[in-house]
Amino acid sequence: MSDFNPVTLFFILSEAMGGFLWLLLAAGLLLLGGVVFGVSRLRRAGRPAKRPLMAAAIMGTVATAVFTLLMPAWTLTDTGAFASGIDVAVAVLLGLVPGVLVAAAVFTMASLRCASRGPRVRAA
Amino acid sequence: MNRREFLAAGGGALLAGLPAALPATPAAAQTSGARARIVIAGAGAAGLAMAARLSRGMPGATITIIDAKKEHHFQPGFTLVGAGLWSPARVTERNADYMPRGVDWVEEAVAEFDPDANAVVTASGRRIDYDFLIVATGLKLDYTAIEGMDASLIGKEGIASIYAGPNEAAASAAAIDRFLETGGTGLFGRPAGEMKCAGAPLKITFIADDKARRQGRRGAVELIYNAHGPAVFAVPPVNDKVKEMFAARGVAVNYGHVLKAIDPGARRATYRTEAGDVTLDYDFIHVVPPMRAPDAVRQSPLPWQEGNLAADGWVEADKPTLRHPRYANVFSVGDIAGVPRGKTAASVKWQVPVVADNLIAETAGRTPSATFNGYTSCPMVTGYGKAMLIEFDYDGTLIPSFPFIDPLKELWVSWLIEEKGLLGAYRAMLRGRA
């Protein structure tokens with residue numbers, strides 16, 4: 001473990017994923033920008049982030065669960081291959097990658113939609 | 001490494017499906033300006049990885065790599081081709097794609113090593129002088145040492161062998177399928193001498209067993225593993241575990257059986273045992289050939305002159321440094337190195353930085369200090385979706401990279417490393433980046 005370092009990990013990921021790594025990084029950056037943009041729009045509109053956050057959490061959790069269950073098929077086997085807690089934990093970690101992307105996308109869309117409704121009107 | 005770095009690196013590694021089997025080292029931070037002539041004999045995993053590291057670490061050196069082979073095979077993937085999961089194309093690449101810039105590739109075989117004159121001679125008779133020689137020729141699969149056997153028989157007459165190449169591994173997968181359809185007796189085993197990936201004969205036995213169970217055909221086949229010695233694996237805890245698993249899965253084991261001859265027409269295999277020759281009938285046999293040094297190496301002064309590594313021509317090497325004891329400017333890496341256990345890509349991963357760093361240090365006037373502990377690794381596939389991530393050193397001591405992965409437990413995460421992690425790490429290793 002002491003020999004892992006970020007540069008080596010990057011090269012291994014790059015060799016393993018090829019162009020998909022750059023697509024993934026680009027998607028990540030795009031969605032990060034989307035989240036920041038969504039938050040700023042919400043603030044400017046005076047709207048709370050509660051609903052977009054809820055939607056993102058729900059959809060991100062669902063996506064993580066779905067992708068976690070797809071992990072065995074991705075590795076050419078079936079869910080019966082999960083033999084211990086570490087297997088499930090690693091599958092969830094991997095499932096979190098698309099899960100976080102989905103959550104970010106949902107948050108961006110929901111926050112923009114929320115913000116477009118204008119500022120919340122409070123009762124006098 | 002503090003706790004945060006540990007978690008970050010470990011999490012990243014797992015997300016990448018990165019193997020502990022191929023742990024990474026930082027690239028050599030120091031360089032040498034020496035204008036040395038370096039010849040690398042062989043453009044396999046060890047030769048290419050060495051060329052990549054030296055071309056960066058010794059920018060003033062003239063590096064020549066000699067190999068006639070143009071295709072590059074990801075050999076750790078042959079098991080998955082033999083399992084019918086991967087196609088041959090997935091493990092086949094071009095050496096040209098990994099040849100470092102500035103390295104002179106002589107597309108010929110080495111015909112002669114002349115370490116007394118610091119020169120090698122290629123198949124066309126071209127003589128190439130060197131200041132330092134890296135022997136990375138790989139090994140020779142000696143199928144014809146088994147009477148009646150020839151690599152062209154793979155895929156025919158119930159004969160399989162995943163070692164010979166990607167297409168032969170695919171033909172072996174088809175042979176397993178035919179065997180499971182027809183039923184009968186399947187024989188497995190390994191040769192007596194040093195061999196590459198000593199876990200592969202066990203893996204293919206487990207795969208045949210698991211495939212039979214999944215197809216509901218386990219009752220129709222008898223599986224027999226013929227161990228060459230008194231154990232099925234050289235590392236005691238692994239041997240105990242595999243024996244236990246074989247017993248639980250109904251795989252019979254014969255000890256002290258070395259395949260001597262095969263009669264493909266009659267489907268009979270003859271084994272040399274202490275009690276004399278024993279002939280077994282089979283419907284399917286997975287043949288693992290004896291492995292030896294290529295002829296050019298065997299006929300040179302480079303191999304061990306005595307001891308158990310001498311007969312097959314492995315290059316004499318100091319275990320920690322891989323330097324030749326009689327020719328101080330000669331090193332051997334990869335399968336050809338005459339050291340115990342290390343004929344795996346995982347060993348190459350650790351051997352190459354040691355030799356490269358020491359060579360760079362030496363030519364820069366520093367004291368070489370890197371050492372190799374014999375690290376090798378075998379993601380022991382025990383079924384579809386399951387593997388044990390076994391790592392050990394020269395002494396056979398288990399040295400797991402990940403504290404949370406039990407090396408003697410069948411896990412999906414170990415399978416994940418085999419199926420998704422190894423190839424990327426291997427390619428990064430070829431480029432000298434892992």
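This is a predicted model: local features need pLDDT of at least 70, side-chain atom pairs count only at pLDDT 80 or more; totals for chains, interfaces and linings use all residues.
Biologist: What secondary structure does chain A have, and in which pattern along the sequence?

Modeller: Chain A holds four helices and zero strands.

Biologist: Is chain A compact or spread out when set against the globule rule?

Modeller: For 124 residues the globule rule gives 14 Å, whereas the radius of gyration of chain A is 19 Å. Along the principal axes, the C-alpha atoms fill a box of roughly 60 × 35 × 25 Å. Because the radius of gyration is well over the value of the rule, chain A is more spread out than a compact globule.

Biologist: How are helices α2 and α4 of chain A oriented to one another?

Modeller: Helix α2 covers residues 19-45 and helix α4 residues 85-116, and their axes lie 8 Å apart at an angle of about 30°. Angles under 35 degrees count as roughly parallel. The orientation of α2(A) to α4(A) is therefore roughly parallel.

Biologist: How many nonpolar residues does the contact of α2(A) with α4(A) have?

Modeller: The crossing of these two helices is left-handed. Residues making the contact include Leu31(A), Val35(A) and Leu42(A) of α2(A), and Leu101(A), Phe107(A) and Leu112(A) of α4(A). Besides five polar residues and one charged residue, the contact has a nonpolar group numbering 14.

Biologist: Which helix of chain B packs with helix α1 of chain A?

Modeller: Helix α1 of chain A spans residues 6-17, and its partner in chain B spans residues 412-430. The axes are 7 Å apart at an angle of about 115°, and the crossing is right-handed. Among the residues in contact are Phe11(A) and Glu15(A) on one side and Leu423(B) and Arg427(B) on the other. The contact divides into seven nonpolar, one polar and two charged residues, and the partner helix is α9(B).

Biologist: Is Leu76(A) buried, partly exposed or exposed?

Modeller: Leu76(A) sits in the loop between α3 (50-74) and α4 of chain A, and has a positive phi of about 65° although it is not a glycine. Most residues other than glycine have a negative phi. Since a residue needs 20 or more neighbours to be buried and 12 or fewer to be exposed, the 17 C-beta neighbours inside 10 Å make Leu76(A) partly exposed.

Biologist: Where in chain B does Arg267(B) lie?

Modeller: Arg267(B) also has a positive phi, near 50°, and is a residue other than glycine. With 19 other C-beta atoms within 10 Å, Arg267(B) is partly exposed. Its place is the loop between β15 (258-263) and β16 (268-273).

Conventions
Residues are numbered from 1 along each chain as its sequence is written. Chains are lettered from A and ligands numbered from 1 in the order in which they are written. The radius of gyration is taken over C-alpha atoms; the globule rule is 2.2 Å times the number of residues to the power 0.38. Axes are lines fitted to C-alpha atoms, for helices over the stretch in contact, and angles run from 0 to 180 degrees between N-to-C directions. Angles under 35 degrees count as roughly parallel, over 145 as roughly antiparallel, 65 to 115 as roughly perpendicular and the rest as oblique. A crossing is left-handed if the near helix is turned anticlockwise from the far one by less than a right angle, and right-handed if clockwise. Two residues are in contact if their C-beta atoms, placed from the backbone, lie within 7 Å. Ala, Val, Leu, Ile, Met, Phe, Trp, Tyr, Cys and Pro count as nonpolar, Asp, Glu, Lys and Arg as charged, and the others, Gly among them, as polar.
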